[in-house]
Amino acid sequence: MCWSRSPRLRHPPSPPPYWSRDTAVIVTVEIPGGTQEQYEETNRLLAAAEWFPPEGFIAHAAGPDGSGGWRVVDFWESEDDFLAFVERARPIFERGGLSSVLPKVQEAVNVIVR
């Protein structure tokens with residue numbers, strides 16, 4: 001779930017220069033032992049899916065967690081949108097070896113996107 005300058009990836013519509021959303025959720029995924037290669041392959045497969053980007057997706061960030069694993073932080077319009085994405089993406093996650101990861105979902109007070 002990464003936006004890139006790659007011509008193969010679709011980009012979301014450009015929001016106004018300052019966009020604020022006060023009803024959203026933050027999804028944090030800790031992947032102990034996860035690697036950049038694993039993340040990039042999973043991300044490549046997701047981006048190739050005809051339904052990507054999924055309904056309700058707002059933003060995504062990922063990187064090393066500082067302890068030998070990987071961390072992903074997403075922002076979604078709702079928990080239901082995130083759960084619908086997980087159901088569609090489950091085969092891709094399993095293929096990437098990420099099937100046993102449990103996300104932490106919490107309400108966002110505000111999400112601001114430039």
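How many salt bridges does the count come to by the rule used here? The count comes to three, a salt bridge being a side-chain nitrogen of Lys or Arg within 4 Å of a carboxyl oxygen of Asp or Glu.

1. Basis of the note. This is a predicted model, in which local features need pLDDT of at least 70 and side-chain atom pairs count only at pLDDT 80 or more, while totals for chains, interfaces and linings use all residues. Residues are numbered from 1 along each chain as its sequence is written, and side-chain values use heavy atoms, with hydrogens and water left out.

2. Overall arrangement. The chain has two helices and six strands; helices (H or I, at least four residues) and strands (E, at least two) are DSSP runs, numbered from the N terminus. Read from the N terminus, the elements follow the order β-β-α-β-β-α-β-β. Of the 114 residues in the chain, 37% are buried. Buried means under 20% relative accessible area, exposed over 50%, and partly exposed in between (1.4 Å probe, protein chains only).

3. The sheet. Four strands make up an open sheet with antiparallel pairing, in the order β3-β4-β2-β5; two strands pair if DSSP finds at least two bridges between them. At the edges stand β3 (57-64) and β5 (104-108), each of which pairs on one side only. Strands β2 and β5 are joined by five bridges, and Ile26 stands opposite Gln106 in β5. Helix α2 packs on the sheet and touches β2, β4 and β5, contact meaning heavy atoms within 4.5 Å.

4. The side chains of Glu30 and Arg71 meet in a salt bridge, at 2.7 Å from N to O. Glu30 belongs to strand β2 and Arg71 to strand β4, so this pair ties together parts that are 41 residues apart in sequence. Glu30 is partly exposed, at 34% relative accessibility, and Arg71 is partly exposed as well, at 33%.

5. Salt bridges within helices. Glu41 pairs with Arg44, their closest N and O atoms being 2.7 Å apart. These two residues are three apart in helix α1, which means that about one helical turn separates Glu41 from Arg44. In the salt bridge of Glu87 with Arg90, the closest N and O atoms are 2.4 Å apart. Glu87 and Arg90 are three residues apart in helix α2 and therefore about one helical turn from each other.

6. The nonpolar cores. A nonpolar core is a set of buried Ala, Val, Leu, Ile, Met, Phe, Trp, Tyr and Cys residues joined through side-chain atoms within 4.5 Å. The largest has 21 residues, of which Leu46, Trp51, Trp76 and Phe85 touch the most other members. At least two residues each come from β2 (24-31), α1 (36-48), β4 (70-76) and α2, and α2 gives the most, with six. Another core lies apart from this one and has five residues, including Ala24, Ile26, Ile58 and Ala108.

7. One residue in detail. Is Ile92 buried or exposed? Ile92 is buried, because its relative accessible area is 15%. Ile92 is placed in helix α2 (residues 79-95). Leaving aside residues up to four places away in sequence, Ile92 touches Thr42, Leu45, Leu46 and Trp51. Thr42 is 50 residues from Ile92 in sequence, yet their C-alpha atoms are 6.6 Å apart in space.

Note on methods:
Axes fitted to C-alpha atoms, helices over the stretch in contact; angles between N-to-C directions.
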